[in-house]
Amino acid sequence: MPARSKPPVAEATALEIEQIEHLIRTTPVAWLLSMLGALICYVQFMETQAGNSLDRWFGAFCAVSLARLVAALFHVFARLVAPLALLPRGRPMSPSRAWVRGWLASTLVHAAQWGMLPFVLLSPGTAQAESILHMTLVAIAMGGSVRLPGFPRILVAHVLLVLAPLILRDLLLADTYLALMVLLVFLIGVYALASGRNQSRVLRELQTQRERNEELITELQHENQRSEAARHAAEQASAARTRFFAAANHDLRQPLHAMGLLSQTLIDRPKEVDVDEVARHIGECVDGMALVIDDLLEITRLDVGNLAPQWSVFSLQELVRECSRPYEPLARVKGLQMVNDVPALVVRTDRALLSRVLSNLLFNAIRYTTQGHVRVHAVAGEHSVQVRVEDTGIGIASGDLPRIFDEFYQVGNPARDRRLGLGLGLATVQRLSDLLGLGVSVESELGRGSTFSLILPLAAGSTAPNATPHPLPVAETSFPSRRVLVVEDDADSRAALVGLLRSWGCDVQSATNAPSSLQIVRDGFRAEALVVDLRLADGASGIDAVHELRQALDDEMLPALIVTGDAGSDQLESARDFGLAAMVKPVRPVRLRAFLAHAFAQASLPQA
């Protein structure tokens, strides 16, 4: 182990500082009493044989006493002027341990001087003089027990230095009177030591309790700070939740209001109204509401923390194609080219959550791009791959970049057009990125488009062959004579879905439950795709209905779409676990069209 450097002289402990301050504060009074006692002893014994020895002792005693008095006064003066000195604010001028030891050493020197006095006065004096000498030294020893309890070892040394020489001197003189004085001095010395020890223990206990109280106070202050921080966070969360529901309330009521007016327009004046135009507006209202509901459900699930990543290994290229497919019609309508420039890489993350991230980024890119392209490309490293979603859209000003992942913040939508979302899409991307460790980032320049980047871990054995950009296949717009079986127990939803599919040229049959749908199949309807509600009447499961229909048609790979109004339900996750496509109501026609296009395209491929 490396040798530790010797620390500098540490500051004195709190107990030592307190006791030193007590000693210094009482020094003037103690000095006065000590000098008075020394003077009385000097006067009483000045006529004895001690002579010059007593004079030298008295002179040395006065010198040491005066030095201690000056030192004490200097320390008091220094503390008085300390606030005016250039010291760090709030830092007390505490004496160092070396200074404390120096002061205590001078105390022992002073005690030793008192102890030398009996040997200076080896010749006994009068009874009065001897009584005064013994009383003075006993008083000095008792004073030490009062002033030195914070320093137990110093207290013992002080009492012994003062009284032991006196006891020894009295025993050497072998006088009956002095023998009685020896017994009295010894008992007083024992009492002084016992009293000092008790006081020392009490002081240590008080100091320990004080430190505990200070720790409790500090902990209470920290707890108050944590509580204040939690309260502030709760207030911010409450304010955000209030804004959240206010915005949601506004953005849900607006399309409902418009839909009510538009539907009434169709009822009141069917001949004077452009039905196609009104229908288009109604469709826009529905799409706007669907966006709001999807965003609300997504952000709520993330906030309550009930999303746990399900790690798996899969093809990144295939996932990008699946995420892009539903948005191809929208891109085509806007004249945009969608490019998949992702090599055949294998990554490890949560497939469903990554799909949501890419879908949100793709939808955003198409939403804010009026010409050019939307491109997804990847750059593989040694252990990870950077996925970039790039567009040639309106771009983002540098001042807006720090806020684009905030809830309800939208660039280029000052009028709060619902078709441009509620401002939760990128907030959802940020939360999912944090959950999966994707490290989402953005580069953008106003008028030159934006690029969102993600970092994904490569799976072991993944390869990155050279790939060239190629446009994604365009989804079909109609499906003449393609057979679709719809299983839906809600009459309105069933009628609307059947009508939409027939408008696309499909040959559609519908049923309200699994038994009636099986009867349709037995009657000879060979469905090429299934659209089944997740929750059917009487608690039946759409998943079970799909399995029964596949068995009845003897086609375990028959394309099937599960639709439901229960976003985030366990059954919905179960459907995805079984490999079934699933969509949450309201299902957007563009996504339904993409599903059917993919399903019929797969059915047209030659079977192995």
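**A tour from the aromatic rings to the parallel sheet**

Select Phe61 and Trp114: both are buried (under 20% relative accessible area with a 1.4 Å probe, protein chains only; exposed means over 50%, partly exposed in between). This is a predicted model, where local features need pLDDT of at least 70 and side-chain atom pairs pLDDT 80 or more, while totals for chains, interfaces and linings use all residues. Residues are numbered from 1 along each chain as its sequence is written, and side-chain values use heavy atoms, with hydrogens and water left out.

**Stop 1: the rings**

Trp57, Phe61 and Trp114 make up one aromatic cluster. The structure has six aromatic pairs. Rings of Phe, Tyr and Trp (its six-membered ring) pair if their centres lie within 6.5 Å; planes under 30 degrees apart are stacked, over 60 edge-to-face, and the rest tilted.

Now pick Tyr42 and Phe58. Their ring centres are 4.7 Å apart and their planes at 20°, so this pair is stacked. Tyr42 belongs to helix H1 (residues 14-45) and Phe58 to helix H2 (residues 52-81), so the pair ties together parts 16 residues apart in sequence. Helices (H or I, at least four residues) and strands (E, at least two) are DSSP runs, numbered from the N terminus. Tyr42 counts as buried at 17% relative accessibility. Phe58 counts as buried at 17% too.

Return to Phe61 and Trp114. Their centres lie 4.8 Å apart with planes at 70°, so the pair is edge-to-face. Phe61 sits in helix H2 and Trp114 in helix H3 (residues 97-120), 53 residues apart.

**Stop 2: charges over rings**

Select Arg351 and Phe314. The charged end of Arg351 sits over the Phe314 ring, 5.5 Å from its centre. The criterion is NZ of Lys or CZ of Arg within 6 Å of the ring centre and within 35 degrees of the ring normal. Next, select Arg482 and Phe600: the charged end of Arg482 sits over the ring of Phe600, 4.5 Å from its centre.

**Stop 3: strand E7**

Select residues 450-457. Six of the eight residues of strand E7 are buried, so the strand is largely enclosed by the rest of the structure. Strand E5 (residues 384-391) runs antiparallel to E7, joined by seven bridges. Two strands pair if DSSP finds at least two bridges between them. Look for Glu390 opposite Thr451. Strand E6 (residues 441-444) is also antiparallel to E7, with four bridges. Here Ser441 faces Ser453. E6 and E7 form a hairpin with five residues between them, and Gly447 in the turn has a positive phi of about 85°.

**Stop 4: the open sheet**

Show E10-E9-E11-E12-E13: five strands in that order form an open sheet with parallel pairing. Its edge strands are E10 (507-511) and E13 (581-584), each pairing on one side only. Zoom in on E9 (residues 483-487) and E11 (residues 529-533), which run parallel with four bridges. Leu485 stands opposite Leu530 there.

**Stop 5: helix H13**

Select residues 514-522. Which residues of H13 are buried? They are Ala514, Ser517, Leu518, Ile520 and Val521. Finish just after H13, at Gly524, with its positive phi of about 115°.
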